[in-house]
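Me: I'd like a close look at a single part of this model. Could you walk me through it?

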Amino acid sequence: MALKRIGIPVSSFYDPYQIAILKGIHYGAKKLGAQIFCFAGGAFECTDSQSLKPNKLYDLISPNNIDILILMSGCLGFDLSTKGLVNFLEKYKEIAAISIG
């Protein structure tokens, strides 16, 4: 199966590091004819109650609409232990995923 729908959770569209990564992914995806879906939902399970609301965007990620996830775990899971990050990502176990840091 060709991977055509790439899901990319990001904490925001204001972080220069994440924007640079997104530009690179966009360049590669365009060459492959793949679609990119960005989900700007904040940090995974951030303890700040205001940050939890955008996390609901991550509920839109499913195997029905995403073929592969590209995760910037360092930007998204900084408030979680390794076990906490693994537990958070468990709901996406049916989607191929890679972490680029």
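Reply: Happy to! First, a word on the source: this is a predicted model, where local features need pLDDT of at least 70 and side-chain atom pairs count only at pLDDT 80 or more, while totals for chains, interfaces and linings use all residues. Residues are numbered from 1 along each chain as its sequence is written, and side-chain values use heavy atoms, with hydrogens and water left out.

Now to your residue. Q18 is buried, with a relative accessible area of 1%; buried means under 20% relative accessible area, exposed over 50% and partly exposed in between (1.4 Å probe, protein chains only). Q18 belongs to helix α1, residues 16-32. Helices here are DSSP runs of H or I with at least four residues, and strands are runs of E with at least two, numbered from the N terminus.

The side chain of Q18 has a polar contact with that of S11 at 2.7 Å, and another, of 3.0 Å, with the side chain of D15. Such a contact is a pair of N or O atoms within 3.5 Å; within protein, one must be able to donate a hydrogen and the other to accept it, and residues adjacent in sequence count only if both atoms are side-chain atoms.

As for the strands, β1 (residues 5-10) has five of its six residues buried, so β1 is largely enclosed by the rest of the structure. β1 pairs in the parallel sense with β2 (residues 35-40) over six bridges; pairing requires at least two DSSP bridges between the strands. Within that pair, V10 has A40 of β2 as its bridge partner.
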